Amino acid sequence: MHPEQATRTAELAELRRSLDVGVVRIDGHLALLTQRSDQSERDLTEMADRVRALEHGRWPLPSLAALTGVAALAVTVWQATGR
């Protein structure tokens with residue numbers, strides 16, 4: 001084997017090792033990003049469920065205000081008629 005060919009072979013082997021290391025590192029980063037994405041999706045789903053439960057259990061304040069207004073009007077009309 002010629003010295004130049006041996007040098008090229010060694011350089012190609014080093015290049016291949018560097019490429020393999022880079023691919024493995026990228027695979028690790030992608031796996032981590034996928035895990036974080038899955039966790040974020042679970043957190044978002046849980047948060048949406050909690051908001052839905054809070055919205056379902058809240059007091060209907062506009063309806064209560066309207067009902068109170070109607071009741072006050074009825075009492076005022078009742079008092080005005082003198083009964």
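**A leucine and its surroundings**

Guide: Start with L64. It is partly exposed, with a relative accessible area of 32%. (Buried is under 20% relative accessible area, exposed is over 50%, and partly exposed lies in between, with a 1.4 Å probe and protein chains only.) The model is predicted, so local features need pLDDT of at least 70 and side-chain atom pairs pLDDT 80 or more, while totals for chains, interfaces and linings use all residues. Residues are numbered from 1 along each chain as its sequence is written, and side-chain values use heavy atoms, without hydrogens or water.

L64 sits in helix α2, residues 61–80. (Helices are DSSP runs of H or I, at least four residues; strands are runs of E, at least two; both are numbered from the N terminus.) L64 also belongs to a nonpolar surface patch. (Patch members have over 30% relative accessible area and no salt bridge; nonpolar side chains, meaning Val, Leu, Ile, Met, Phe, Trp and Tyr, are joined within 5 Å, and like charges within 9 Å. Areas come from the Shrake-Rupley method with a 1.4 Å probe; for residues, only the protein chains shown count as cover.)

Now the helix itself. At 1.5 Å a residue, the 20 residues of α2 should span 28 Å. (The expected span is 1.5 Å times one less than the number of residues.) The end C-alpha atoms of α2 are 28 Å apart, which agrees. Just after α2, G82 takes a positive phi of about 85 degrees.

UniProt, in an unreviewed entry, places a "transmembrane region" at residues 59–78. (Its positions follow the numbering used here, feature names are shortened, and annotations may be inferred rather than shown by experiment.) Residues 59–78 are 90% helix and 0% strand. Their end C-alpha atoms lie 29 Å apart.

Step back to the whole chain. Its secondary structure is two helices and zero strands. The C-alpha atoms fill a box of roughly 120 × 15 × 5 Å along the principal axes. The radius of gyration is 36 Å, whereas a compact globule of 83 residues would be near 12 Å. (The radius is taken over C-alpha atoms; the globule rule is 2.2 Å times the number of residues to the power 0.38.) Buried residues make up 0% of the 83. The chain exposes about 8,000 Å², and carbon and sulfur atoms supply 64% of that.

Next, charges. Side chains of opposite charge can pair when their charged atoms come close. (A salt bridge is a side-chain nitrogen of Lys or Arg within 4 Å of a carboxyl oxygen of Asp or Glu.) The count is three salt bridges.

R17 pairs with E14, with the closest N and O atoms 3.0 Å apart. These two are three residues apart in helix α1 (residues 3–57), so about one helical turn separates them. R17 is partly exposed at 49%, and E14 is partly exposed at 42%.

R16 pairs with D20, with the closest N and O atoms 3.9 Å apart. Both lie in α1, four residues apart, about one turn. R16 is exposed at 59%; D20 is partly exposed at 40%.

D49 pairs with R52, with the closest N and O atoms 2.9 Å apart. They too are in α1, three residues apart, about one helical turn. D49 is partly exposed at 40%.
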